[in-house]
Amino acid sequence: MFRTVFDSCARPARALTLALGLLAGPALGGGAIAAPTQYPLTLENCGHPVVIEHAPRRVVSIGQAQTEILYALGLGDRVVATALWFGPVAAPYAAVNAGVKRLADNDPSFEAVVGQEPDLVVAMYEWHIGPNGIVGKRDQFEGVKVPAYVSPTDCVGKDNTGAGDGVRTRMYSTELLYRNIREYGAIFDVSARAEALVATLKAREEAAARTVASLKARDVSMALWFSSKDIKGDAFLAGRNGVPAYVMAQLGARNIITTDEEWPLVGWETIAAADPDVLVLVKMDRRRFPADDIAAKLDFLKIDPVASQLSAVKNNRIVIVDVGATRPGMDTVDGIEAIARAVEGFGLVN
């Protein structure tokens, strides 16, 4: 079983390397001259005004995608500490990341963050800094006069006031990622670098879209299994408006999940009733839950009396993607490319 599993876990680095090349020197193109930032700078961030008094020099980054964006912008020397890692840092940033303190693989404490004496804290998710922030709430950071910035990818078109991973009220778009990058450009007074990085990522996404245009799936249904609290329990599947749903939409595929929850817990009997044509599994280094382990996922699919009968399992239509392709960062296009190649290999395209 699983002879034809398509493993796309190796993270392609060509786009990231190209981005580094663009940012390393002055050759940004004749029109890529950006006006310098005027401080103090006030940004609207997740419904809150954030005031930046000067270009930050000591940054704590909570979230791998945010950390890698800062590195891609050539700001690694400003990052004093990081947290929330799902896998290895992208290869082009290994050297700079080696010199940065890691506060936690998952959730750092408020005290650990402010103990680094940051002049800016950035986060990938509002569940770390937000209404229910487990690291800290905005007023806590305001109380110690540290501005906090949360990626718009996690709050624009998304409600994080409840428990869990939040509810997306509209489909994720990479335009939110590009907004994130441009706002970092303004915050750090590196707008020309930000525009170069956005241009690189847009060009690659557009190229992937052109490739996928000839690989449109013919009414193919999919489900993406992120993890499970208990390997035999309900599965965290991708909701209908998150990053994986955006990837599926680019492929013309149909997500079996129709809820707005970001990562709803779904029973295997319910999954079996929908019986997706393709099952996408997430590989990561994180070990918060037993099913974070890709080997545990694959073993479960072999032996579970319900899951083993899924069409995708019996027909070996399983795709393994790196966790980076499922989060709102620079790796989304990797997911588009990897799943498109797999679907073509399964013979599910016109």
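I take buried as under 20% relative accessible area, exposed as over 50% and partly exposed as in between, with a 1.4 Å probe and protein chains only. Helices (H or I, at least four residues) and strands (E, at least two) are DSSP runs, numbered from the N terminus. The model is predicted: local features need pLDDT of at least 70, side-chain atom pairs count only at pLDDT 80 or more, and totals for chains, interfaces and linings use all residues. Residues are numbered from 1 along each chain as its sequence is written, and side-chain values use heavy atoms, with hydrogens and water left out.

**Entry 1. Helix H2 and its surroundings**

I listed the buried residues of H2 as Gln64, Ala65, Gln66, Thr67, Glu68, Ile69, Leu70, Tyr71 and Ala72. After H2 comes Gly74, with a positive phi near 75°. I then turned to Asn97, which lies in helix H3 (residues 94-98). Asn97 counts as buried because its relative accessibility is 12%. Leaving aside residues up to four places away in sequence, I found Asn97 touching Tyr71, Trp85, Val89 and Arg102; contact here means heavy atoms within 4.5 Å.

**Entry 2. The open sheet**

I traced an open sheet of five strands in the order S6-S5-S4-S7-S8, with parallel pairing. Two strands pair if DSSP finds at least two bridges between them. At the edges I noted strand S6 (101-104) and strand S8 (148-150), each of which pairs on one side only. From one strand to the next the twist averages 20°. Angles run from 0 to 180 degrees between N-to-C directions, and axes are lines fitted to C-alpha atoms, for helices over the stretch in contact.

Strand S5 (residues 79-83) pairs with S6 in the parallel sense over three bridges. Ala81 has Lys101 in S6 as its bridge partner. Next I checked which helices pack on the sheet. H2 does so, touching strand S4 (59-62), S5, strand S7 (120-123) and S8, and its direction makes about 155° with that of S5. Helix H6 (residues 174-187) also packs on the sheet, where it touches S7 and S8; the direction of H6 makes about 160° with that of S8.

**Entry 3. Helix H12 and its two partners**

Two packed helices are described by the angle between their axes and the distance between the axes. I looked up helix H7 (residues 191-213) against helix H12 (residues 332-345): they pack at an angle of about 20°, with axes 10 Å apart. That makes H7 roughly parallel to H12. Angles under 35 degrees count as roughly parallel, over 145 as roughly antiparallel, 65 to 115 as roughly perpendicular and the rest as oblique. The crossing of H7 and H12 is left-handed; a crossing is left-handed if the near helix is turned anticlockwise from the far one by less than a right angle, and right-handed if clockwise.

From H7, the contact is made by Arg204, Glu205, Ala208 and Val212, and from H12 by Val333, Asp334, Ile336, Glu337 and Ala340. By class, I recorded five nonpolar, no polar and four charged residues in the contact of H7 with H12. Ala, Val, Leu, Ile, Met, Phe, Trp, Tyr, Cys and Pro count as nonpolar, Asp, Glu, Lys and Arg as charged, and the others, Gly among them, as polar.

I then took helix H8 (residues 243-251), whose axis comes within 9 Å of that of H12, the two crossing at roughly 45°. That makes H8 oblique to H12. H8 passes H12 in a right-handed crossing. In H8, Val243, Tyr246, Val247, Gln250 and Leu251 meet Thr332, Gly335, Ile336, Ile339 and Ala340 of H12. By class, the contact of H8 with H12 has seven nonpolar, three polar and no charged residues.

**Entry 4. Backbone in the loops**

I found a cis peptide bond from Tyr39 to Pro40, with omega near 0°. Pro40 is in the loop between helix H1 (14-24) and strand S2 (41-45). Cys46, although not a glycine, has a positive phi of about 55°. Cys46 sits in the loop between S2 and strand S3 (48-52) and is buried, with a relative accessible area of 16%. Asp189 is not a glycine, yet has a positive phi of about 60°. I placed Asp189 in the loop between H6 and H7; Asp189 is partly exposed, with a relative accessible area of 35%.

**Entry 5. The whole chain**

I counted twelve helices and 16 strands in the chain. Of the 350 residues in the chain, 56% are buried.
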